[in-house]
Amino acid sequence: MNDTAAPPGEAATKTSARADTPGPSAERPPHAPDFDQKSGLWRRMRYGLYHILEAGRSHDLASRIFEYAMIFLILANVLAFAIETGQGLSDNTRHYLAIFNVVSIIIFTIEYVLRIWVSVEHPPLRHLPHWRIRVRWILSPSMLIDLAVILPFYLSLFFTIDYAALVLD
């Protein structure tokens with residue numbers, strides 16, 4: 001989906017080069033937008049991030065690294081939560097666990113916001129206005145789960161939450 005139309009001769013050359021010769025453009029997924037020189041840097045960056053965050057869950061190295069890093073961070077948070085519920089922890093350990101929690105929430109928040117930003121690159125939804133795509137994306141089950149993970153942290157900045165009520169005896 002181009003923002004601007006390419007000259008007819010250019011479009012034919014791009015298509016024939018893509019079909020006949022191997023190269024980066026031949027490896028481009030069929031749903032990828034055709035960027036020209038007038039496509040904005042932000043749009044190209046958004047599509048690249050979309051490929052890493054959402055569409056690239058296949059053989060793409062950057063996608064796999066991102067996915068494994070997020071899995072590791074989730075498992076590390078589960079372990080930290082288990083350690084945090086233990087009794088007899090030193091103040092120093094609690095301090096480091098609190099720092100780890102804040103850093104994790106920041107990373108999860110950045111991921112959440114980036115997923116909303118790149119959602120407009122999702123091929124089946126490209127025909128819709130950007131605001132509508134983003135609302136649909138935010139209301140999807142996986143995004144609601146992500147929001148449920150990060151929202152308590154931000155609510156605790158404004159409201160007092162008694163976490164002791166969550167600990168099972």
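Start with the buried residues of helix α3, which are S63, M70, L73, A76, N77 and A80. Keep in mind that this is a predicted model.

I will stay with one of those, N77. The residue sits in helix α3, which covers residues 61-84. N77 counts as buried because its relative accessible area is 18%, and the cut-off for buried is under 20%. What does the side chain of N77 reach? The backbone oxygen of L73, at 2.7 Å. If we set aside the neighbours within four places in sequence, N77 is in contact with F100, N101, S104 and F108.

Now the helix itself. α3 has 24 residues, so at 1.5 Å a residue it should span 34 Å. The C-alpha atoms at its ends are 34 Å apart, which agrees.

For contrast, go to F158. That residue is in helix α6, residues 141-158. Buried or exposed? F158 is exposed, because its relative accessible area is 68% and the cut-off for exposed is over 50%. F158 also belongs to a nonpolar surface patch of about 550 Å², made together with L151, L155, L157 and F159.

Last, the protein chain as a whole. There are 6 helices and 0 strands. Of its 169 residues, 24% count as buried. The accessible surface comes to about 11,900 Å², and 68% of that belongs to carbon and sulfur atoms. Taking contacts between residues at least 6 apart in sequence, 52% join residues at least 24 apart.

That is the end of my part.

Conventions: Residues are numbered from 1 along each chain as its sequence is written. This is a predicted model: local features need pLDDT of at least 70, side-chain atom pairs count only at pLDDT 80 or more; totals for chains, interfaces and linings use all residues. Side-chain values use heavy atoms; hydrogens and water are left out. Helices (H or I, at least four residues) and strands (E, at least two) are DSSP runs, numbered from the N terminus. Buried means under 20% relative accessible area, exposed over 50%, partly exposed in between (1.4 Å probe, protein chains only). A polar contact is a pair of N or O atoms within 3.5 Å; within protein, one must be able to donate a hydrogen and the other to accept it, and residues adjacent in sequence count only if both atoms are side-chain atoms. Contact means heavy atoms within 4.5 Å. Patches are made of residues with over 30% relative accessible area and no salt bridge: like charges are joined within 9 Å, nonpolar side chains (Val, Leu, Ile, Met, Phe, Trp, Tyr) within 5 Å. Accessible areas come from the Shrake-Rupley method with a 1.4 Å probe; for residues, only the protein chains shown count as cover. A salt bridge is a side-chain nitrogen of Lys or Arg within 4 Å of a carboxyl oxygen of Asp or Glu. The expected span of a helix is 1.5 Å times one less than its number of residues.
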